Amino acid sequence: MEKYICIHGHFYQPPRENPWLEAIELQDSAYPYHDWNERITAESYAPNAVSRILDGENRIVKIVNNYARISFNVGPTLLCWLERNAPDVYAAILEADRESRTNFSGHGSALAQAYNHMILPLANRRDKYTQILWGLQDFERRFGRKPEGMWLPETGVDLETLEILAEVGIRFTILSPYQASRARRTGSRAWRDVSGGRIDPTMAYEQRLRSGRRIALFFYDGPISRAVAFEGLLLRGENLAGRLLGAFRDERGWDQLVHIATDGETYGHHHRYGEMALSYALDTIESQKLAKLTNYGEYLERHPPTHQVEISENTSWSCAHGVERWKSNCGCNSGGRPDWSQEWRAPLRQALDWLRETLAPQFEKKAGEYLKDPWAARDDYISVILDRSPDDVERFLQRHAARPLSEEQRVAVLKLLELQRHAMLMYTSCGWFFDELSGIETVQVVHYAARAVQLGQEVFGDGIEPQFVERLAAAKSNIAEHGDGRNIYEKFVTPAMVDWEKVGAHYGVSSLFEDYTEQTGLYCYLAEREDYRSFEAGKARLAVGRVKLTSEITRESCVLSFGVLHFGDHNLNGGVRKFLGEDAYRDLIEQTREPFMRADFPEVLRLIDRQFGESNYSIRSLFRDEQRKVLARILEATLAEAEASYRQLYENHAPMMRFLTDLRIPLPRAFHAAAEFVVNGQLRRALEHNEIDSDRIASLLDRTRVEGVTLDTATLEYAFRHNFERIAEQFLAHPTEPAVFQRLQRAADLLQRLPFAVNLWKIQNLFYWMLETILPKEREKAAQGDETARAWVDRVAGIGRKLGVRMS
């Protein structure tokens, strides 16, 4: 009897992009990272691509790509983000699928996923079909093959969903054992009740569908999956391996498959170092031949279903009440605030359902004026989402346009299809999963709904926003200050909406701080500078210009003129309007330039107000990331002045500080603050320097001990880590160059002298890659008598010891 083990990871993040900018803006709750995607990538997605296996002395023995030895799916919207923002992790995931085909008899381990994690049993058939088709086509574009299996969001399932999966060629999906209703051996008439999680999970089952099609179903091992996710099984890799192997039973008369399924983020994000426990368990099982690692496609080919199953419809893996978690106050929540109610879930879904049903017939009618089949065009629109180049848009329109279209009609078509995209994004499951209406995930889905509303009003010309917001008002927040859905919409959604003036204001204001070229990308807009005038008077600056903005999503364009007055600090005032012609533009320049050059700034402000009316903007008008960037630049001069003052205070009174410290007399607060500011700043700059001066750093560290200075360890670690990473990259590019090697040596030597731990993750990855690619060649030279190579190998071994990497 063969023993098979398969571990499935469901790697997913909800789409977090601002729907007007198509980018994730700064999320302070993810600090110190820019946003939650970046944070979870650092904690889970990246570590799983380069996971460590350690020896008994905690030295790295091997670095492995976990994705290549497990079954996995990565949400399409997350893959899109990874491709743009973490290309090394994205490439590792694609490579893992290619490697898995070698490992598992030609069967890739990657599964597709329904596009944006909509709960499919709650969707209408049209949305189900598009979600599945988009997920399938996104997968084919990225992985270069057709998927064998597809992950259903929250494993939410009904028979209609399975019918569509089978229709588009999906062979299998994975469900919770609690989603099976009854089962029987194929050919038998007697069904056995397996509800309540009693189905045997160690084989594949077949669900026969009303259409005559069939689909294979795998029901994961519930107790082990729960132990991995919630019961600390990942504390030790040995424990995970033992629990998996302990699930086999001799009395079963078939080749058993022990398989589990959890959120992929379990390995590293939810459980720190969980990816290492996974690596160790898989390595132990494989190296000791305790069982055969497999994936679902390989197992299914070798062991076709011998039993039939019938599912429990409208069920999922994360709601004990079926799929109620995404439409009612069923009692399922995160558990953090048991006093809170989720009554808001029902009116939120009702509001979105109303919006979908209101927009759908209008879409069908309007799009029918331009397209052969509006819904077929929507199904194929994923090709444009994956490649928004003008050539690809043109090919799409050639396939679907009912006749040649004008530029204005092409824009209308793209707006209509974007409306439909956002009308699906607004159903992303995380909008209902958590506890509070004003939570970041729920507000996000309302953002998508608001974008659909905005596009609908632009194309159809009717004002449906008030009706939609009125329905949101029925959803009540648990937080008194937020009130209800209407207030949350006005507080968090309306300010985030973007129109031409806001994009133009961002360009005009930021142009004072950025060196823009003739063509500049601003999020999902292309800015083409048609004219730009800049004037200076002391610290003050005046910018007047004209810019053509084009949406890279809808291809719509608008020409705007702007004027911005900056007083040299955070005070800034500007205006934006649609371009009114050359005469009006020349008047704007002349009327503002003359008073500015004589430093009559109040007059310039009055003229800006007169020219632009209520269209008044400031630094507050910048999109969030640029706002932080500009303020940081403005603060540079202020901080430099503060540092100079602190330095003077510190240098004038350093002997007194040391004398007081020696007597164990607490330093006056002003002295202590000056010492901390100055010494930490000096240390940071020394740790950032490409040529590390170990003696200088040691002297500064001694000073901190003598003077009782508290180290800013977070900043210092960050500075040294990033410098060390740059030095390691230089070493990889020029491994035998003496000066570069010396830099690496000094950085490694410094590790033992620093009074704080350094995150060596990326440095170890680079060093391990060197061991795999460069070291063998140098060892071969050393074996042939090359003394320089032998000395190089010996020094590399010393660096490896300091980095915690074992060299074989």
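Ala, Val, Leu, Ile, Met, Phe, Trp, Tyr, Cys and Pro count here as nonpolar, Asp, Glu, Lys and Arg as charged, and the others, Gly among them, as polar. By that scheme, the lining of the second largest pocket has 16 nonpolar, 16 polar and seven charged residues. The model is predicted.

**Second largest pocket**

- The second largest pocket holds about 1,200 Å³ of space.
- Its lining consists of 39 residues, and those closest to the pocket centre are Phe230, Asp263, Trp317, Ser318 and Phe433.
- At least two lining residues come from each of helix 1 (36-49), helix 6 (222-230), strand 12 (256-263) and helix 15 (430-433).
- The top contributor to the lining is helix 6, with five residues.

**Helix 1**

- Helix 1 is 14 residues in length and spans 19 Å from first C-alpha to last, close to the 20 Å expected at 1.5 Å a residue.
- A kink of about 50° is centred on Ala42 in helix 1.
- Buried positions in helix 1 are Asn37, Ile40, Thr41, Ser44, Tyr45, Ala46, Pro47, Asn48 and Ala49.

**Loop between strand 1 and helix 1**

- Pro32 sits in the loop between strand 1 (3-11) and helix 1.
- The Tyr31 to Pro32 peptide bond is cis, with omega near 10°.
- Glu22 belongs to the loop between strand 1 and helix 1.
- Glu22 is not a glycine, yet its phi is positive, near 60°.

- Strand 2 (residues 51-54) pairs with strand 3 (residues 60-64) in the antiparallel sense, over four bridges.
- Arg52 has Ile63 of strand 3 as its bridge partner.
- Five residues lie between the two strands of this hairpin, where Asn58 takes a positive phi near 60°.

**Thr155**

- Thr155 lies in the loop between strand 6 (150-151) and helix 5 (159-167).
- Phi of Thr155 is positive, near 50°, in a residue other than glycine.
- Buried means under 20% relative accessible area. Thr155 has a relative accessible area of 0%, so Thr155 is buried.

- Strands of a sheet pair through backbone hydrogen bonds, either parallel or antiparallel.
- Strand 10 (residues 205-208) and strand 11 (residues 214-219) run antiparallel and are joined by four bridges.
- Opposite Gln207 stands Ile215 of strand 11.

- Leu560 of strand 18 is the bridge partner of Val547.

How values were computed: Residues are numbered from 1 along each chain as its sequence is written. This is a predicted model: local features need pLDDT of at least 70, side-chain atom pairs count only at pLDDT 80 or more; totals for chains, interfaces and linings use all residues. Side-chain values use heavy atoms; hydrogens and water are left out. On a 1 Å grid over the protein atoms alone, a cavity is a set of points where a 1.4 Å probe fits but cannot get out, and a pocket is an open set with protein on both sides within 12 Å along at least five of seven lines; lining residues have an atom within 4 Å of a point. Grid points are joined across faces, edges and corners, and a volume is the space filled by probe spheres set on the points. Two strands pair if DSSP finds at least two bridges between them. The expected span of a helix is 1.5 Å times one less than its number of residues. The bend at a residue is the angle between axes fitted to the seven residues ending there and the seven starting there. Buried means under 20% relative accessible area, exposed over 50%, partly exposed in between (1.4 Å probe, protein chains only).
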